[in-house]
Amino acid sequence: EQIIMARFLVGVVVLAAVSRFRVFNLRGRSLPLLLARGIAGSISAIAYFKAISAIPLPNASVLLYTYPIFASIFAAILLREKLRNDEKIAIFLGFVGVYLIVNPNYQNISPGEIYALISGLLGGLAMVVVRRLRAKHDSGMIYFYFCMIGIQMALPGTLHTFITPNIQQAILISTIAVMALIGQLLMTYAFKYCKAGQGSAIMMT
């Protein structure tokens, strides 16, 4: 969980510094939605890293990429975004594919697969909340609150498993954190202009 913590710390530090130049405002006005985005996104990230430590990375990644399916469902329920017939068929086929991947031999689902599915489900929910927040909030502010909440949620696990990285590892972790910051800001910005399900599907490319 050190990688997750690094992502959140870099996000907070960089965005707090940039906000001093009034690029965006860090004062949130929709606290319940900001909390929902932060909690859902943080648990999704933590669950994914737990999944890849328990099952092969390709399996975990495929199950994580169920988030567009869940985003479409949550958007239809919470944001009243209409689903076309072809989208409904795609969602159904997506669930069939997930079942075949998770349980091809009709055996029990492993804990790692459950973690990956939880990551996909909550990732989809987070995308829908971001879509709602982007109507009135800056992308930087939304990600700042996500990082603030994420630090608190990842801290116990980080302290429990902390290993001092060497210079090469520290550079790699920092690079991942910076790239994640850029990606998250662009993703959050884009959700002002597209539906939750569409944006989530585009993110898979």
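Guide: Welcome! A nonpolar core here is a set of buried Ala, Val, Leu, Ile, Met, Phe, Trp, Tyr and Cys residues joined through side-chain atoms within 4.5 Å. Please keep in mind that this is a predicted model.

Visitor: Thanks! Which residues touch the most other members in the largest nonpolar core?

Guide: That core has 26 residues.

Visitor: Is S42 buried or exposed?

Guide: S42 sits in helix α2, which spans residues 31-52. Buried means under 20% relative accessible area. Because S42 has 0% relative accessibility, it counts as buried.

Visitor: Which backbone nitrogen does the side chain of S42 reach?

Guide: Leaving aside residues up to four places away in sequence, S42 touches F8, F146, I149, G150 and M153. The S42 side chain comes to 3.5 Å from one backbone nitrogen, that of G150.

Visitor: Which helix gives the most to the nonpolar patch on the surface?

Guide: The patch is formed by L31, L35, I39, I43, I109, I114, I118 and M153, with about 610 Å² of accessible area together. Its member M153 lies in helix α7 and, at 31% relative accessibility, counts as partly exposed. Two or more residues come from each of α2 and α6. With four residues, the biggest giver is α2.

Definitions and conventions
Residues are numbered from 1 along each chain as its sequence is written. This is a predicted model: local features need pLDDT of at least 70, side-chain atom pairs count only at pLDDT 80 or more; totals for chains, interfaces and linings use all residues. Side-chain values use heavy atoms; hydrogens and water are left out. Buried means under 20% relative accessible area, exposed over 50%, partly exposed in between (1.4 Å probe, protein chains only). A polar contact is a pair of N or O atoms within 3.5 Å; within protein, one must be able to donate a hydrogen and the other to accept it, and residues adjacent in sequence count only if both atoms are side-chain atoms. Contact means heavy atoms within 4.5 Å. Patches are made of residues with over 30% relative accessible area and no salt bridge: like charges are joined within 9 Å, nonpolar side chains (Val, Leu, Ile, Met, Phe, Trp, Tyr) within 5 Å. Accessible areas come from the Shrake-Rupley method with a 1.4 Å probe; for residues, only the protein chains shown count as cover. A salt bridge is a side-chain nitrogen of Lys or Arg within 4 Å of a carboxyl oxygen of Asp or Glu.
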